[in-house]
Amino acid sequence: MRKPKVVILGAGYGGLMTATKLQKAVGVNEVEILLVNKNDYHYETTWLHEASAGTLHHDRVRYNISEVIDRNKVDFIQGTVSEINTKEKKVILEDGELEYDYLVVALGGESETFGIKGLKEHAFSIVNVDSARQIREHIEYQFATYKAEEEKKEERLTIVVGGAGFTGIEFLGELSNRVPELCREYDVDPNKVKMLCVEAAPTVLPGFDAELVKYAVAQLEKKGVTFMIGTAVKEGTPEGIIVAKGEDELEEIKAGTVVWAAGIRGNSVIEKSGFEAMRGRVKVQPDLRAPGYDDVFIIGDSALIINEEINRPYPPTAQIAMQQGETCAHNLAVLIRGKGEIQSFTPDIKGTVCSLGEDDAIGVAFGKKMVGGKASFMKKVIDNRSLYMIGGPTLVFKKGKFNFL
Ligand SMILES: Cc1cc2nc3c(=O)[nH]c(=O)nc-3n(C[C@H](O)[C@H](O)[C@H](O)COP(=O)(O)OP(=O)(O)OC[C@H]3O[C@@H](n4cnc5c(N)ncnc54)[C@H](O)[C@@H]3O)c2cc1C
């Protein structure tokens, strides 16, 4: 009898979790499992702000996929997905096609610029290893050029971060630690450097406890960050950004670097493939399948699930993507074997910790609020836990964060 073929698209948190759990749950003769990813490595998306600021080398945030999959049970193909043909049960890659019986779409998210003119062209976003490396090198180039040029352009030393959500704040935490090092490295006067955070919403870190937000803002301001809250970005330009000032005035902010960290949408493959989606995210059924498709699971940043308590979508997180990977693997095993019970997915939110640099953070874990060293310790525990969940103790020893003091 032909073995059913499960194709998993994306080896991020959701996809790798599905693959590693499924390889444990099923036997070699029961199913063919194929994992497809753009690169031959997985990266810890939740550490990319560190690689972008240059406080952690990008090789520290990635590891080879072959290190964590069981090659007897899971085949890996390095390839880029262009589209999914659900009618013919085919995945179209840039250089070929694949057939599936069951499909898991775990392709992550993409930066959302909400149609703001010029941002796609002129701003960076923290989305993968390539973009993180580019941001780090661009900032270093601005410092080096400023130092070398005769007619100094001070705006080279202005770094604007669009968005005071999780990604923006975590990046600013790292950046504000990196700037003093850059100043020393490139003989630049620290007083010339500006770090601006521009946020349209009336608060930093919307949804976070007000006391914790106050702490975060004070800590970042102490390290030189200026917040422009309630300020909407109207345009990205080759010279910087244009923001709204008052009712109908505009203001230009010249900046050598603009990092857009204000929004995330589902992977563009979702809409291209004809799934009904909201900003590229599919509102999945409780069992994580796409409505109307018995053979397609969508998990992670490309899936949308509602928090019934507040009737709003859960923010896309690694925590949820990994938990969905576990449920998805279970449900696949049930379908493959034709026995057992399909599970509904309910997120189990253990807490949220937002880093403010290597040695500082804010957060709530297991119902307790924490700041400073304690929260930073917890953040590293969370980072190591995600390595453990996918690659066990070997991966933690190899890639883990042990700089607890
Ligand atoms: C800077 C930053 C900090 C964050 N901090 C936290 C945090 O502290 N806690 C938390 O819970 N969440 C955090 N998040 C959010 C979290 O990283 C995401 O929610 C999570 O990565 C989503 O997992 P995923 O499996 O959907 O996608 P990802 O982990 O992003 O993986 C997607 C995979 O698909 C691959 N891929 C994409 N497109 C294609 C294609 N066309 N073809 C083939 N392969 C493709 C990618 O290369 C990647 O390997 C943070 C995000 C950022 C950017």
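This briefing walks through some salt bridges of the structure above. The model is a predicted one, and a search of the whole structure turns up 27 salt bridges.

**Glu112 and Arg265**
- Let's begin with Arg265, whose side chain meets that of Glu112 in a salt bridge, at 3.0 Å from N to O.
- Arg265 belongs to strand 18 (residues 264-266), while Glu112 sits in the loop between strand 10 (109-111) and helix 3 (119-122), so this pair ties together parts that lie 153 residues apart in sequence.
- Arg265 has a relative accessibility of 18%, so this residue counts as buried, the cut-off being under 20%.
- Glu112 also counts as buried, because its relative accessibility is 6%.

**Glu112 and Arg279**
- Glu112 forms a salt bridge with Arg279 too, with the side chains meeting at 3.1 Å from N to O.
- Arg279 is found in the loop between helix 7 (268-272) and strand 19 (282-283), and Glu112 in the loop between strand 10 and helix 3, so the pair links parts 167 residues apart in sequence.
- Arg279 has 46% relative accessibility and therefore counts as partly exposed.

- Arg136 and Glu137 form a salt bridge in which the closest N and O atoms are 3.3 Å apart.

Methods: Residues numbered from 1 in each chain as written. Predicted model: local features only at pLDDT ≥ 70, side-chain atom pairs only at ≥ 80, totals over all residues. Heavy atoms only, no water. Salt bridge = Lys/Arg side-chain N within 4 Å of Asp/Glu carboxyl O. Helix = DSSP H or I, 4+ residues; strand = E, 2+ residues; numbered from the N terminus. Buried < 20%, exposed > 50% of the residue type's maximum accessible area, 1.4 Å probe, protein only.
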